[in-house]
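Take a look at the protein below. Turn it around and follow the chain from end to end before reading on.

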Amino acid sequence: MYEHVYSSTQLKTNLREIKDIAKNNMVYITENGVISYFFCSVEVYNDLMDKIAKRASWEASVGALLDWADEDTHEDDVLLDDHTSASMAFLEGIRMADYSLDQPNLRCAIEYVSKDPKVGMAISKDVVRKAPKASTPYKYYCSGYDIIYEHDEETGKTVLCGFVESSDSFDLPPLG
């Protein structure tokens with residue numbers, strides 16, 4: 001998890017080596033065996049801040065999609081099979097991305113999610129939602145996008161809630 005860990009003593013004695021590593025990586029500094037600081041170049045720091053901002057934007061978009069889908073009465077949802085429906089938010093996202101439900105990769109992803117809703121990754125509790133209808137929303141990667149959906153364990157129903165740019169590029173390093 002933490003690749004480049006040095007004690008504060010090592011920082012003093014090996015400053016040049018650690019600075020070289022910090023040009024491209026996050027370096028963690030320990031005091032009394034506990035990671036207390038991180039050290040990096042401005043470029044690495046700016047990249048980290050950019051990723052954090054993108055992640056926050058992704059989480060806000062996902063929260064909004066889930067809220068939009070939860071506020072729908074589901075009367076307008078398009079039934080895809082016995083257990084899966086697509087919300088208006090999902091259909092709008094597909095339209096905006098110039099996709100269609102007939103595209104093979106999207107159709108395959110939807111069928112996969114329909115057959116086994118837990119195949120996706122649970123979305124973090126960091127995503128703020130007003131009034132969730134299902135306990136755990138999920139995301140499933142499909143061609144550069146994340147399909148956002150909810151699965152209700154009690155009814156076995158899955159609602160495709162939205163379609164957003166994938167969060168796979170947010171490989172944030174641990175901060176401590």
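## Overall form

This is a predicted model. The protein has five helices and nine strands. Along the sequence, these elements follow the pattern β-α-α-β-β-α-β-β-α-α-β-β-β-β. The radius of gyration is 21 Å. The globule rule gives 16 Å for 176 residues, so the protein is more spread out than a compact globule. The C-alpha trace tells us about its dimensions too: along the principal axes, the trace spans about 65 × 30 × 25 Å.

How much of the protein is buried? Of its 176 residues, 39% count as buried. The accessible surface comes to about 10,500 Å². Carbon and sulfur atoms account for 52% of that surface. Contacts can also be sorted by distance along the chain. Among those between residues at least 6 apart in sequence, 47% join residues at least 24 apart.

## The sheet

Six strands form an open sheet. Their order is S4-S5-S9-S8-S7-S6, and the pairing is mixed. Which strands lie at the edges? They are S4 (78-79) and S6 (121-122), and each pairs on one side only.

Start with S7 and S8. Strand S7 covers residues 137-142 and pairs with S8 in the antiparallel sense, over six bridges. Lys-139 has Ile-148 in S8 as its bridge partner. The two strands form a hairpin with two residues between them. Next come S8 and S9 (residues 158-165), which are antiparallel as well, with seven bridges. Here Ile-147 stands opposite Phe-163 in S9. The hairpin of S8 and S9 has six residues between the strands. Gly-156 in that hairpin takes a positive phi near 75 degrees.

On to S5 and S9. Strand S5 (residues 84-86) runs parallel to S9, and three bridges join them. Ala-86 has Leu-160 in S9 as its bridge partner. Is S8 mostly covered or mostly open? It is mostly covered: six of its seven residues are buried. In a regular strand, side chains alternate between the two faces of the sheet.

Helix H3 takes in residues 42-71, 30 residues in total. From first C-alpha to last, H3 reaches 43 Å. That is close to the 44 Å expected at 1.5 Å a residue.

Which residues of H3 are buried? Among them are Val-44, Leu-48, Trp-58, Val-62, Leu-65, Leu-66 and Ala-69. The list also includes Lys-51, Glu-59, Asp-67 and Asp-70. The buried residues of H3 pack against helices H2 (15-22) and H4, and against strands S7, S8 and S9. An α-helix has 3.6 residues a turn, so residues three or four places apart point the same way.

## Aromatic rings

The structure holds seven aromatic pairs. One of them joins Tyr-99 and Tyr-145. Their ring centres are 5.6 Å apart and their planes stand at 70 degrees, so this pair is edge-to-face. The cut-off for that label is over 60 degrees. The pair links distant parts of the chain, 46 residues apart. Tyr-99 sits in the loop between H4 (88-96) and H5 (104-115), whereas Tyr-145 belongs to S8 (residues 145-151).

Ring pairs also build a cluster of Phe-90, Tyr-99, Tyr-145 and Phe-163. Tyr-145 counts as partly exposed, because its relative accessibility is 21% and buried means under 20%.

## Residues in the loops

Ser-143 lies in the loop between S7 and S8. Its phi is positive, about 50 degrees. At 36% relative accessibility, Ser-143 counts as partly exposed. What does Ser-143 contact, leaving aside its neighbours within four places in sequence? The residues are Tyr-99 and Asn-105. The C-alpha atoms of Ser-143 and Glu-31 are separated by 44 Å. Along the chain, these two residues are 112 apart.

Asn-32 is in the loop between S2 (27-31) and S3 (34-39). It has a positive phi near 55 degrees, although it is not a glycine. Its relative accessibility is 83%, so Asn-32 counts as exposed. Asp-98 lies in the loop between H4 and H5. Its phi is positive too, near 60 degrees. With 69% relative accessibility, Asp-98 counts as exposed.

Notes. Residues numbered from 1 in each chain as written. Predicted model: local features only at pLDDT ≥ 70, side-chain atom pairs only at ≥ 80, totals over all residues. Heavy atoms only, no water. Phe/Tyr/Trp six-rings, centres within 6.5 Å; stacked < 30°, edge-to-face > 60°. Helix = DSSP H or I, 4+ residues; strand = E, 2+ residues; numbered from the N terminus. Buried < 20%, exposed > 50% of the residue type's maximum accessible area, 1.4 Å probe, protein only. Pairing = 2+ DSSP bridges. Rg over C-alpha atoms; globule rule 2.2 N^0.38 Å. Contact = heavy atoms within 4.5 Å. Areas by Shrake-Rupley, 256 points an atom, 1.4 Å probe, with all protein chains shown as cover. Expected span 1.5 Å × (residues − 1).
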